[in-house]
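Reader: I would like to learn how to read the aromatic rings and the packing in this model. Where do we start?

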Amino acid sequence: MVRFSYRKKPDGPLKIILSLCLFAAVIAVFLLGIGTLSDTASDKEKESLENAIARDIAYCYATEGAYPESLEYIKENYGLTYNDDKFFVDYTPRGENILPDVTIIPLEKGK
């Protein structure tokens with residue numbers, strides 16, 4: 001006659017500790033995924049702002065024959081809007097017929 005031996009399942013506190021560890025691991029993976037998505041969205045937002053400013057600068061040059069003298073001029077005449085709390089835009093004009101230098105710096109923590 002063949003006898004089967006079964007392992008005894010963990011009891012009481014060990015079950016709770018294993019469940020809590022598994023729960024903590026699932027939460028950690030979830031939070032890591034949310035953080036990655038947030039970083040990706042912020043990068044896309046910065047890229048979109050860069051494209052909008054470049055487009056407005058080129059359109060201004062094409063219609064007026066000179067590059068804009070300031071970022072405020074672009075905002076007022078070409079409708080540029082962005083979140084000042086999220087991005088700092090450094091706009092340095094070089095002259096009427098020289099492409100201005102534009103630097104966009106994210107103001108969020110960790111960037």
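Author: With an aromatic cluster: Tyr 59, Tyr 73 and Tyr 78 form one. Rings of Phe, Tyr and Trp (its six-membered ring) pair if their centres lie within 6.5 Å; planes under 30 degrees apart count as stacked, over 60 as edge-to-face and the rest as tilted. By this rule the count comes to three aromatic pairs.

Reader: What kind of model is this, and how are residues numbered?

Author: This is a predicted model: local features need pLDDT of at least 70, side-chain atom pairs count only at pLDDT 80 or more, and totals for chains, interfaces and linings use all residues. Residues are numbered from 1 along each chain as its sequence is written, and side-chain values use heavy atoms, with hydrogens and water left out.

Reader: How is a pair of aromatic rings described?

Author: By the distance of the centres and the angle of the planes. Take Tyr 59 and Tyr 78: their rings are 5.8 Å apart, centre to centre, with 85° between the planes. That pair is edge-to-face. Tyr 59 sits in helix H1 and Tyr 78 in helix H2, 19 residues apart, and the pair links distant parts of the chain. Now take Tyr 61 and Tyr 67: 4.3 Å centre to centre, 20° between the planes. This pair is stacked.

Reader: You named helices. What is the overall pattern along the sequence?

Author: Helices (H or I, at least four residues) and strands (E, at least two) are DSSP runs, numbered from the N terminus. The protein has two helices and two strands. Read along the sequence, the pattern is α-α-β-β.

Reader: How does the span of H1 compare with the expected one?

Author: The expected span of a helix is 1.5 Å times one less than its number of residues. H1 has 52 residues and reaches 76 Å from its first C-alpha to its last. That is close to the 76 Å expected. Gly 65 follows H1, with a positive phi near 80°.

Reader: At what angle do H1 and H2 cross?

Author: Axes are lines fitted to C-alpha atoms, for helices over the stretch in contact, and angles run from 0 to 180 degrees between N-to-C directions. The axes of H1 and H2 come within 11 Å and cross at roughly 75°. Angles under 35 degrees count as roughly parallel, over 145 as roughly antiparallel, 65 to 115 as roughly perpendicular and the rest as oblique. H1 and H2 are therefore roughly perpendicular to each other.

Reader: Which residues in H1 and H2 meet?

Author: Contact means heavy atoms within 4.5 Å. On the H1 side, Asp 56, Ile 57, Tyr 59, Cys 60, Thr 63 and Glu 64 meet Tyr 73, Ile 74 and Tyr 78 in H2. Leaving aside neighbours within four places in sequence, Tyr 78 is in contact with residues including Asp 56, Tyr 59 and Tyr 73. Ile 74 has 0% relative accessibility, so Ile 74 counts as buried. With neighbours within four places left aside, the contacts of Ile 74 include Asp 56, Ile 57, Leu 80 and Tyr 91.

Reader: Which residues have the most contacts inside the largest nonpolar core?

Author: A nonpolar core is a set of buried Ala, Val, Leu, Ile, Met, Phe, Trp, Tyr and Cys residues joined through side-chain atoms within 4.5 Å. The largest one has 16 residues; Leu 49, Ile 53, Leu 71, Ile 74, Leu 80, Tyr 82 and Val 89 have the most contacts inside it. H1 (13–64), H2 (71–78) and strand S1 (87–92) each supply at least two residues. The largest share, five residues, comes from H1. Not counting residues up to four places away in sequence, Ile 53 touches Leu 80, Val 89, Val 102 and Ile 104.

Reader: What covers the buried residues of H1?

Author: The cover includes H2, S1 and strand S2 (101–106). Among the buried residues of H1 are Ser 42, Leu 49, Ala 52 and Ile 53.

Note on methods
Buried means under 20% relative accessible area, exposed over 50%, partly exposed in between (1.4 Å probe, protein chains only).
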